[in-house]
Amino acid sequence: MPALPESGRAWYLAARPHGWPEPTDVALREVPVTEPGEGRILVRNLHFSVDPYMRGRMNDAKSYMPPYQFDRPMDGAAVGEVIASRAEGLAVGDHVVHGLGWREYAEFPAERAVKVDASLAPLSAYLGVLGSTGLTAYAGLFEVGSFQPGDAVFVSGAAGAVGSQAGQLARIKGASRVIGSAGSDEKVALLIEEYGFDAAFNYRNGPVREQLKKAAPDGVDLYFDNVGGDHLEAAISSFNRFGRAVLCGAIAQYNNTEPTPGPRNLALATGKRLRLQGMLVTDHQGLRPSFVEEVSGWLASGELKYHETVAEGIENGFDAFLGVLRGRNTGKMIVTLNS
Ligand code: NAP
């Protein structure tokens, strides 16, 4: 076995942010690399994911994921190469997806790794279009949102990882109209020209409610909510009877320091018989085989397109995370450690 590195770098939470995270809230530290114990593997991470939900884990608040602790590295999805193994079924050179991102090296029980095939897709795709954000779009649309062909579908955060996939899946499966919102004119052009949305608008250019009414003149049947706030209110206003909202995320409020008021027009839900349902991708792992099969097919045929925004080097990991919250990404934000 070639000599293993003695140490590697890992990101730690150093203080709990109040509002927007600051560079002083995190620290990049050198930590020892340990040889794998029995039944365990040592992985050199090649890419890790930075995601909006990680902002919630920086708070010391009870949630569906445990808060980050100060005495161990932050974690999240990563893909890497096995460089030492004392586990059956995983050998040096294999590629695996696992949950110990935000670091260069990870040593952990082999059963927490999922082997992936680097010849089928670029490895970073297993963190995005073929990974959790892709499954979120798939499960949100088809299982939680009860998508039906002919639905008019509105997607917010539509140029991001989940949103760009949700909108395209709706198009591929026969939506009557797909409408997207995003935070720049360049992103809006991408939605229409590359992803095939029927209409799109820049939410910074005017009130969302008015822009949505124009973009969806016959109303909305299904809203895939990544943003919350004014977007959710606008969808409620544009909903047809029996409209459904998939409450996937509310990124507009992740850095708020005060409680956020709910939609002011929620009373419309009664007369319109609306359904607003929250979702967590972790509840939908059973869909993974059909998700991988269908999405791989659409990628191969070119019907489904995706973008990644790549930050090079672990030292840029925190800035990449801030970039997701600020909209500096188009598609999945990936931190690459290839160099
Ligand atoms: P993403 O969309 O790739 O990146 C986040 C995007 O949010 C940014 O690019 C930015 O794009 C937009 N944004 C930031 N602040 C905003 C604001 N104030 N108003 C409107 N848009 C804003 O991230 P993602 O990983 O795909 O996640 C998208 C959403 O899904 C998030 O809410 C996330 O929490 C949620 N999510 C939920 C689950 C689940 O299981 N429920 C799983 C994965 C993700 P613009 O330039 O367009 O502003």
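Which oxygen atom is 2.7 Å from a polar backbone atom of V281? I looked it up, and it belongs to the ligand. A reminder to myself before going on: this is a predicted model.

**Entry 1: around the ligand**

I listed the surroundings of the ligand and found 27 residues there. The closest are K187, Y203, Y254, V281 and N329. V281 is the residue from my opening question, with its polar backbone atom 2.7 Å from a ligand oxygen. A polar backbone atom of V162 is 2.8 Å from an oxygen atom of the ligand. For G183, a backbone N or O atom lies 2.8 Å from a ligand oxygen.

Next I turned to strand 9, which covers residues 177–182. Is strand 9 largely enclosed or largely open? Five of its six residues are buried, so the rest of the structure largely encloses this strand.

I looked at its pairing with strand 8. The two strands run in the parallel sense and share four bridges. To see one of them, I picked V155, whose bridge partner in strand 9 is G180. Between these strands comes helix 3 (residues 161–172), and strand 8, helix 3 and strand 9 make a right-handed β-α-β unit.

**Entry 2: aromatic pairs**

I searched the whole structure for aromatic pairs and got ten. A pair of rings is described by the distance of the centres and the angle of the planes. Two pairs went into my notes.

For F48 and W102, the ring centres are 5.4 Å apart and the planes meet at 35 degrees, so I wrote this pair down as tilted. It links distant parts of the chain: F48 is in strand 3 (residues 40–49), while W102 is in the loop between strand 5 (95–98) and strand 6 (105–109), 54 residues apart. I found F48 buried, and W102 is buried as well.

How are F154 and Y223 arranged, stacked or edge-to-face? They are stacked, with 4.8 Å from centre to centre and 15 degrees between the planes. This pair also links distant parts of the chain, with F154 in strand 8 (residues 152–155) and Y223 in strand 11 (residues 220–225), 69 residues apart. F154 and Y223 are both buried.

I came across F48 and W102 again in an aromatic cluster, which they form together with W11, F318 and F321.

**Entry 3: charges over rings**

I also looked for charged side chains lying over rings. The charged end of R16 sits over the ring of F70, 4.9 Å from the ring centre. Over the face of W20 I found R326, at 4.0 Å from the centre of the ring.

**Entry 4: a look at S63**

My last stop was S63, in the loop between helix 1 (53–57) and strand 4 (78–85). Is S63 buried or partly exposed? Its relative accessibility is 45%, so it counts as partly exposed. I also checked how far S63 is from I314: their C-alpha atoms are separated by 27 Å, and the two residues are 251 residues apart along the chain.

Definitions and conventions:
Residues numbered from 1 in each chain as written. Predicted model: local features only at pLDDT ≥ 70, side-chain atom pairs only at ≥ 80, totals over all residues. Heavy atoms only, no water. Phe/Tyr/Trp six-rings, centres within 6.5 Å; stacked < 30°, edge-to-face > 60°. Buried < 20%, exposed > 50% of the residue type's maximum accessible area, 1.4 Å probe, protein only. Lys NZ or Arg CZ within 6 Å of the ring centre and 35° of its normal. Pairing = 2+ DSSP bridges. Right-handed = clockwise from strand over helix to strand, strands pointing away. Near = heavy atom within 4 Å. Polar contact = N/O pair within 3.5 Å; in protein donor to acceptor, adjacent residues only side chain to side chain.
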